Amino acid sequence: MNLEARKIEFVQEFLKLQSEEAISRLEKILRNEKKMSEKRLVEPMTQDELNKRIDQSESDFKNNRFKSSEELLAKYL
């Protein structure tokens, strides 16, 4: 299924929702996604910056400085 078809299917399902809570959660996700998209448009990283970020991420993981998927989902849903 292509992106356009997926969007149409999503909107159709969204229009069927009756739960105000579900709509609020989806609105929150959309707002967060828009913010993240705007941040990504700022400036691409250099290869050196990317490598430093990878090194930092690996270090954080080894030292247990990360959040689980469950923690992230609880925060944004």
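With which residue does Lys 16 form a salt bridge? The partner is Glu 13, and the closest N and O atoms of the pair are 3.4 Å apart. A salt bridge is here a side-chain nitrogen of Lys or Arg within 4 Å of a carboxyl oxygen of Asp or Glu. The model is predicted, so local features require pLDDT of at least 70 and side-chain atom pairs count only at pLDDT 80 or more, whereas totals for chains, interfaces and linings use all residues. Residues are numbered from 1 along each chain as its sequence is written, and side-chain values use heavy atoms, with hydrogens and water left out.

The chain contains 4 helices and 0 strands, arranged along the sequence in the pattern α-α-α-α. Helices (H or I, at least four residues) and strands (E, at least two) are DSSP runs, numbered from the N terminus. Along its principal axes, the C-alpha trace spans about 45 × 25 × 25 Å.

Of the 77 residues in the chain, 1% are buried. Buried denotes under 20% relative accessible area, exposed over 50%, and partly exposed the range in between (1.4 Å probe, protein chains only). The chain exposes about 7,500 Å², of which carbon and sulfur atoms supply 55%. Accessible areas come from the Shrake-Rupley method with a 1.4 Å probe, and for residues only the protein chains shown count as cover.

The structure holds 5 salt bridges, among them the pair Lys 16 and Glu 13. Because Lys 16 and Glu 13 are 3 residues apart in helix H1, about one helical turn separates them. Lys 16 is exposed, at 56% relative accessible area, while Glu 13 is partly exposed at 43%. Helix H1 also carries Lys 7 and Glu 4, again 3 residues apart, about one turn of the helix. The closest N and O atoms of the salt bridge between Lys 7 and Glu 4 are 3.5 Å apart. Both are partly exposed, Lys 7 with a relative accessibility of 43% and Glu 4 with 48%. In helix H3, Lys 52 and Asp 48 lie 4 residues apart, about one turn of the helix, and form a salt bridge whose closest N and O atoms are 3.4 Å apart. Lys 52 is exposed at 54%, and Asp 48 is partly exposed at 45%.

Surface patches are made of residues with over 30% relative accessible area and no salt bridge, like charges being joined within 9 Å and nonpolar side chains (Val, Leu, Ile, Met, Phe, Trp, Tyr) within 5 Å. Phe 10, Val 11 and Leu 15 form a nonpolar patch with about 310 Å² of accessible area together. Phe 10 belongs to helix H1 (residues 3-16) and is partly exposed, at 47% relative accessible area.

A positive patch comprises Lys 28, Arg 31, Lys 35, Lys 39, Lys 67 and Lys 75. Helix H2 (residues 20-40) supplies its largest share, 4 residues. Lys 67 lies in the loop between helix H3 (47-62) and helix H4 (69-76), and counts as exposed at 54% relative accessibility. Over the chain, the mean positions of the 16 positive and 16 negative charges are 3 Å apart. Lys and Arg count as positive and Asp and Glu as negative, with His and the chain ends not counted; each charge is placed at NZ of Lys, CZ of Arg, CG of Asp or CD of Glu.
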